[in-house]
Amino acid sequence: MLSVLHDYGVRATFFLVGEKAEEYPELVARIARGGHEIANHSYTHRRAQQLTGPEILAEIEACREVLHRITGMDPTLFRPPGGRVGCAGLQALAASRHTLLMWTNNADDWLRPAPETIAANALERLEPGGIILMHQGSMESLLALPLIIEGAANKGIKLGTASEMLE
C-alpha cells in the first residue's frame, strides 16, 4: 500500500495499534518517512465500550508512547477500535488531548470482497472532506487502492491526510 500511495503521490493517515507498532517498528518508520500521518488506534485493539475510562486512557497513552519512541512524533488523532466510544471513552480522550476521528466512507475491505466492491464502497457518496476507512493486510485492499485513488480524482477529490482535511 505504501508503494501504491507513493506512486500516486498520495499521503494518508495510518491509525496504528501500539503492540503491532512495537512488533514492526521498521514499517512504522517507513510510514513516517513517506510523509504519511500516524495516528493512535489504541495499544491492544480492545473495544473501548468494554473498558473503563482509566483503561481507555491507558490504551491511548501506551500507544502514544510506542509511536513517539519509534517516530519522535506524538499523534493527536484517535480512532477507537470498532468505531464506538461511550462517555468514559470521551472523557479519556479529553484527558489524553487526542481528537476523536471517525470516517464517512467505510470500504468494508476487512470482509475481503472483490477490489471493485471495495472501491465502490469507498467512493459511494464520497465528498470533499470525507474520510475513507480501509484496513491493511489483504490483496483485495491493495488492488482496490488504485481504483479508489483514481475514482476520487475523477470526482475532483484530492486525497490526503486526516489533518490536512481538518485544516
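This is a predicted model: local features need pLDDT of at least 70, side-chain atom pairs count only at pLDDT 80 or more; totals for chains, interfaces and linings use all residues.
Residues are numbered from 1 along each chain as its sequence is written. Local features need pLDDT of at least 70, side-chain atom pairs count only at pLDDT 80 or more, and totals for linings use all residues.

**View 1. The largest pocket has a volume of about 1300 Å³.** A pocket is an open set of points on a 1 Å grid where a 1.4 Å probe fits, with protein on both sides within 12 Å along at least five of seven lines; lining residues have an atom within 4 Å of a point. Of its 47 lining residues, A12, T13, F14, F15 and M134 are closest to the centre. The lining divides into 30 nonpolar, 10 polar and seven charged residues. Elements that each supply at least two lining residues include α1 (2-8), β1 (13-16) and α7 (139-154).

**View 2. The second largest pocket has a volume of about 200 Å³.** Its lining includes H41, H45, H135, R47 and R79. W103 and W110 also line this pocket. Four lining residues are nonpolar, six polar and two charged.

**View 3. Helix α5 spans residues 87-96.** The buried residues of α5 fall within an arc of 100° seen down the axis, so they line one face of the helix. They pack against α4 (53-71), β3 (77-78) and β4 (99-100), where contact means heavy atoms within 4.5 Å. On the other side of α5, C87, Q91 and A94 are exposed (over 50%). R97 follows α5, with a positive phi near 65°.

Note on methods:
Side-chain values use heavy atoms; hydrogens and water are left out. Grid points are joined across faces, edges and corners, and a volume is the space filled by probe spheres set on the points. Helices (H or I, at least four residues) and strands (E, at least two) are DSSP runs, numbered from the N terminus. Ala, Val, Leu, Ile, Met, Phe, Trp, Tyr, Cys and Pro count as nonpolar, Asp, Glu, Lys and Arg as charged, and the others, Gly among them, as polar. Buried means under 20% relative accessible area, exposed over 50%, partly exposed in between (1.4 Å probe, protein chains only). The arc is that of the directions from the helix axis to the C-beta atoms.
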